[in-house]
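Q: I would like to go through one part of this structure with you. Could we begin with the terms and then look at the residues?

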Amino acid sequence: MAIEIQVPCDGDGVCMRCKATPPAEESLTCSTCVTPWHVACLLPESLVSSTGGEWQCPDCSGDVVESAVPVSGTAGGSDLVAAVRAIEADVTLTEAQKAKKRQKLMSGGGAAGGDDEEEDEKKKKKSDDDEDICCCICIKLPERPVTTPCGHNFGLKCFEKWVAKGNLTCMTCRGKIPKHVAHNPRINLTLVSAIRLAKASNSDVEVTAAKVQHFIRNQDRPDKAFTTSRAKKTGKANACSGKIYVTIPGDYFGPITADNDPTRKKGVLVGESWDDRQDCRQWGAHFPHVAGIAGQSGFGAQSVALSGGYDDDEDHGEWFIYTGSGGRDLTGNKRTSKIQSFDQTFTKMNEALRLSCKMGYPVRVVRSHKEKRSAYAPEEGVRYDGVYRIEKCWRKVGIQGSFKVCRYLFVRCDNEAAPWASDDLGDRPRPLPVIPELKKATDLFVRKEKPSWDFDEADGRWKWMKSPPASRKCIAALDPEYRKIVRKRGKNSMMDKLRKEFSCQICQKVMSLPVTTPCAHNFCKGCLEAKFAGISQVRERSRGGRTLRAKKNVMTCPCCTTDLSEFLQNPQVNRELMEVIENLKKKEEESQAVDESSNDAAESEGGEEEEEEEAEPPSKKIKLDSDCVEPVGAGN
């Protein structure tokens, strides 16, 4: 007698024995594996008649049936039944979680633990953005996305391959693709921003906190400036910059101390010299390769280089008169011209020097061997000579012609002795020199307020009397409270930028129910329909009592000259783009809620601290205040 195998119903509810779909009253569901079985096909009948309140199928019950062959092996089957029963006995799980665990167990995935669930949730959450804006053909983030009039997105290459085969219908909804869209697809720039955001959110990069978070890409740079063998120019005119050995940002003011020198733990010392400007850049004394001024017009100047670029320069060691930049025609083959062709003005780098003069910032000075007229210039290479302070600035007619140049009076104010001096100590405050050319100067500016970098008589050294300007390229060195404000502003500015990218080009607000036109412009569906409300597809014409042929009304896109009359008959919402916008709104609301809760917690802590301060005796409070003599960031 042949052994009859017990088989349940398949996933569609069809009995695998009689190939019929049993009605609900003729089917039983196993309480352990939740598998439906056909009652009429169960053998023997005792399996049905002996059931109590909960029925177990032949695979899950422990009864040995001669005509039943277990689906799994004896050992494996017993382990599987035990695992399923353990899942059913777990009272901490909901019915949905039990069903998910049973499904994973029956598919061979093993018992799902809490860690697996968390990983699944992370993967699902991580892939949500990708699924929202994936290409309908390759199921990946589309490269150069193209949106069809039916609202589905494709990568440009996938779309071109699809259309090249003669397919003029969308592969998702079978919507018609117009010929002008197929032959000349337009990239959806709004969707490009969404894809960039999705890629940024998927990058799991952990940033380790350090004392100085300013990062300079050094792993791809050689130890020194390097020129390839194919370079046609001699020297280092087109050399690749070497590694940066200091941890200062590009807009750092003042001397470079040992804290910013992780390699030698010395900082940049006065008198250090390098072979050329490329090597000088590696130690941060002066970052630009060619320009003589390093600075920003709205922030200040950090360093200058004396290299004999202007005949008006006067170098007296402890003080010198520096000429600003500009006033020369550098177009075409006149790039090396040294002839003044127009007046210099206090703009760009010249304005950066004047701002440093106004605020009294220290300016690092390097001297080059190219300055042949100065006795203080090095015989070869480039040398760091310490920090100077700009005391005055003005304009006067230059030596070369009748054009005005900007002039700056630099006075040395460093705690280390100058390279040409025999003293062991640095500079002391000195009276300003007499400048004869000031009699004919115009636009004279003299600092009236107290400088930020000044000499402290109590300590006997130069230091920051005011807090140094916070770097715009590195927020790690800021005060913790101010750092939170800067980061919050950066977050808000990023969200504002995203809002701008996903804004309707009619109402200038974040799009609701976005539609993408064949010309790849995005609008709110309501705004686009309201734009052409009351305009019919055609208009009737008549002349002199006779009826002319109806004329089509051209409905021009608000952003270009494309006719949208056919598209406006049934505009389709770009669902994927709409989901991206909704997800961004949810993230913004969550971030705002977190910020509000953190602010409330900070305010409550601040209230407790105030109460504690009030409880302290006055003498103790005065002592604490007397200890904080030096402001934050004022130390050198």
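A: Helices (H or I, at least four residues) and strands (E, at least two) are DSSP runs, numbered from the N terminus. This is a predicted model, in which local features need pLDDT of at least 70 and side-chain atom pairs count only at pLDDT 80 or more, while totals for chains, interfaces and linings use all residues. Residues are numbered from 1 along each chain as its sequence is written, and side-chain values use heavy atoms, with hydrogens and water left out.

Q: Where is histidine 286 found?

A: Histidine 286 lies in the loop between α8 (277-282) and β6 (293-296).

Q: Is histidine 286 buried or exposed?

A: Buried means under 20% relative accessible area, exposed over 50%, and partly exposed in between (1.4 Å probe, protein chains only). Histidine 286 counts as buried because its relative accessibility is 0%.

Q: What is in contact with histidine 286?

A: Contact means heavy atoms within 4.5 Å. Leaving aside neighbours within four places in sequence, histidine 286 is in contact with residues including Arg277, Ala291, Ser303 and Val366. A polar atom of the histidine 286 side chain lies 3.0 Å from the backbone oxygen of alanine 291.

Q: Changing topic, how do β6 and β7 run?

A: Two strands pair if DSSP finds at least two bridges between them. β6 and β7 run antiparallel and are joined by 4 bridges. They form a hairpin with 3 residues between them.

Q: Which strand pairs with β7 in the parallel sense?

A: Strand β10 (residues 362-368) does, over 4 bridges. Leucine 306 has arginine 367 as its bridge partner in β10.

Q: Why is β7 largely enclosed by the rest of the structure?

A: For strand β7 (residues 300-306), 7 of the 7 residues are buried, so the strand is largely enclosed.

Q: Back to arginine 367: which side chain meets it in a salt bridge?

A: A salt bridge is a side-chain nitrogen of Lys or Arg within 4 Å of a carboxyl oxygen of Asp or Glu. The side chain of arginine 367 meets that of aspartate 315 (2.8 Å, N to O). This pair links distant parts of the chain, with arginine 367 in strand β10 and aspartate 315 in strand β8 (residues 314-315), 52 residues apart. Both arginine 367 and aspartate 315 are buried.

Q: Which residues are linked with Arg367 in a network of salt bridges?

A: The network links Arg367 with Asp315, Arg383 and Asp385. Aspartate 385 and arginine 383 meet through their side chains at 2.6 Å, N to O.

Methods: Polar contact = N/O pair within 3.5 Å; in protein donor to acceptor, adjacent residues only side chain to side chain.
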